[in-house]
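Let's take a walk through this structure together, starting with one idea we'll need along the way.

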Amino acid sequence: MASSSFMAILTLALLLQTATLSAQLSTNFYSSSCPRVFSTVRSTVQSAIRNEARIGASLLRLHFHDCFVNGCDGSLLLDDTSSFTGEKNAVPNRNSARGFDVVDNIKSAVENVCPGVVSCADILAIASRDSVAILGGPSWNVKHPPPTSNLNQLISRFNALGLSTRDLVALSGDYIFLMHTLDLIAYNWAIKLLRPNKAIKLPKSLWLRGQQLGPLDLQTLLLLTTTTSRTSSRTKASSILISSCSMVAIFLTLALLIVHMEAKAIDEMSPSFYATSCPKLFPTVKPIVESTIKKEARMGASLLRLFYHDCFVNGCDASLLLDDAPNFIGEKNIPPNKNSTRGYEVIDEIKSAVEKMCPGIVSCADIIAIVARDSVSILGGPSWGVQLGRRDARATNAIVTNISLPLPKANLKELVLRFRGIALKRRDLVALVGAHTLGEAQCHSFRERIYNESNMNKELAQKRRLKCPRSKGSGDANLAPIDAQTPLVFDNSYYKNLVQNKGLLHSDQQLFSGGKTDPIVRTYSEDQEAFFNDFASAMIKMGSVNPSLVQLARSG
Ligand code: HEM
């Protein structure tokens with residue numbers, strides 16, 4: 001069932017914009033009856049996305065679900081009545097479709113400015129367009145083709161509107177959001193086929209509107225790969241996508257493409273990438289990291305964490321550093337970064353120093369990677385040759401942030417799945433989370449564990465409770481070391497803690513809670529060198545996720 005729904009959506013994704021016939025629609029329908037409709041909708045959508053970025057995806061999906069059932073008529077919003085059961089409560093909407101409250105808010109706001117004029121169906125359409133635009137995607141006012149079009153009809157309709165086949169493909173990129181909602185079965189299939197031991201790289205041809213999309217979202221990759229193959233070979237693609245498309249063919253095509261991309265991308269990164277263009281890069285970075293850590297040792301932890309948070313969201317492309325812009329919301333200001341990640345000013349300082357030395361050469365993404373390595377080694381951990389040659393992102397999809405990074409309440413299965421999503425194995429997961437040998441966490445991140453979990457060391461729980469009150473809202477930001485023994489030294493005491501049930505975060509203790517990762521934790525707790533070796537190679541792997549290659553861009 002799940003796989004067939006996935007397949008159906010894949011096929012239909014190409015066809016979808018809205019189900020309404022373009023002949024009856026106009027983009028200035030409300031220009032005299034409700035001239036403020038667009039600004040009213042947009043500001044409500046904007047504030048909803050500010051509260052929770054994911055709501056943008058949910059609103060887009062509402063439009064999709066509305067259009068696919070009896071056309072785009074707002075029928076999705078109808079509640080149950082005595083004469084019919086509403087669509088809200090039908091599978092696949094029940095417990096899944098969301099954002100109805102936001103649509104209600106928009107409708108009220110619109111009713112305030114022009115009562116009884118604008119239909120809910122139109123509000124859904126505008127809200128979905130605005131969600132995409134606010135989250136970094138395109139905006140449009142295209143009259144949409146009916147969903148019954150085949151590929152040739154779609155192409156000629158788009159051509160008639162002055163849009164190329166490429167535009168058609170880019171517009172189909174809207175479905176990246178929809179794909180987020182697809183079930184885990186499809187996700188797992190993709191992961192298996194993508195050979196999880198390999199890092200995944202995207203070539204320039206998979207960029208959407210100048211923004212490179214990350215491999216974290218394999219569904220995105222899948223869709224874009226299929227749409228890209230459609231651009232390059234219409235006939236072949238139409239036979240794959242439009243007619244009786246074979247799931248296996250799609251996945252195999254994807255897997256082959258990715259294997260090809262991997263080989264190309266891995267070849268092009270190297271620790272000596274700047275050896276001639278910026279030979280003093282390393283000696284410029286390290287002293288600044290050293291003096292920063294001298295002033296405040298915890299900053300080493302914070303800098304290391306920046307690298308992880310950068311790499312897990314759209315790959316290591318410094319998208320984490322982007323401030324809010326008119327067309328997207330930055331990653332910094334949404335959970336789990338908001339009021340938590342720190343050290344941005346240190347990266348700025350280092351970037352300035354590097355720019356003085358070799359202007360316009362070194363990417364911020366590479367600087368973050370070097371800084372993470374230096375922080376670890378300065379605090380007593382291993383060192384490694386950092387692969388370099390990443391390219392910085394110019395925009396970001398904030399929504400990916402809170403779906404990419406696992407939360408501290410995650411269980412082992414989820415952690416493994418998330419890491420596998422970017423080609424990191426179970427062993428890499430255990431080694432990388434060893435970074436929690438450094439740094440601190442806020443009370444809200446571990447409150448649940450110290451009050452409610454039976455596998456928490458009682459003495460430690462008692463101690464942590466002193467500064468972390470039980471009730472939500474009090475002392476939320478109070479800090480405690482994640483590694484109770486040596487939070488300012490990079491060593492293996494984190495694992496020693498875990499085997500004594502002294503993991504501070506729920507997600508930490510999950511690594512040693514009777515599952516398959518127990519033996520790895522035990523090994524690291526007894527053998528620091530094994531931990532150091534594995535940590536170094538896992539950091540290289542994590543750092544190779546989706547590097548946006550400078551050479552590739554220059555040669556393109
Ligand atoms: C397994 C998934 C992970 C989860 C659920 C997780 C969760 C967290 C949480 C909740 C905090 C405390 C944040 C706060 O309360 O403000 C934290 C801190 C930290 N995390 Fe993770 N983390 C994970 C993996 C990693 C990885 C892979 C690294 C690096 C390779 C890392 C490095 C750090 C560091 C160094 C800190 C301390 C930062 C500081 O003191 O500023 N974490 N993590």
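A polar contact here is a pair of N or O atoms within 3.5 Å; within protein, one of them must be able to donate a hydrogen and the other to accept it, and residues adjacent in sequence count only if both atoms are side-chain atoms. With that in hand, look at aspartate 491 and threonine 437, whose side chains are joined by a polar contact of 3.0 Å.

Before going further, keep in mind that this is a predicted model, where local features need pLDDT of at least 70, side-chain atom pairs count only at pLDDT 80 or more, and totals for chains, interfaces and linings use all residues. Residues are numbered from 1 along each chain as its sequence is written, and side-chain values use heavy atoms, with hydrogens and water left out.

Back to threonine 437: its side chain also has a polar contact with that of aspartate 483, this one at 3.4 Å. Thr437, Asp483 and Asp491 turn up, along with Thr486, under the "binding site" annotation in an unreviewed UniProt entry (positions are in the numbering used here, feature names are shortened, and such annotations may be inferred rather than shown by experiment). These residues span 55 residues in sequence, but no two of their C-alpha atoms are more than 9.9 Å apart, so they gather at one spot.

Where does aspartate 483 sit? Look in the loop between strand 2 (479-481) and helix 22 (493-499); helices (H or I, at least four residues) and strands (E, at least two) are DSSP runs, numbered from the N terminus. Aspartate 491 is in the loop between strand 2 and helix 22 as well. Aspartate 483 has 0% relative accessibility and counts as buried, meaning under 20% relative accessible area with a 1.4 Å probe, protein chains only. Aspartate 491 is buried too, at 13%. Leaving out residues up to four places away in sequence, aspartate 491 touches Gln528, Phe531 and Phe532, among others (contact means heavy atoms within 4.5 Å).

Now for the ligand. It has 24 residues around it, and those that come nearest are Ser302, Ser340, His436, Gln442 and Ser445; a residue counts as near if one of its heavy atoms lies within 4 Å. An oxygen atom of the ligand is 2.6 Å from a side-chain N or O atom of serine 340, while a ligand nitrogen is 2.9 Å from one in histidine 436. Helix 14 gives the most to this shell, with five residues. Domain 3 (281-403) and domain 4 (406-543) both contribute residues, so the ligand lies between them; the domain bounds come from an automatic or database assignment.

Technical notes: Buried < 20%, exposed > 50% of the residue type's maximum accessible area, 1.4 Å probe, protein only.
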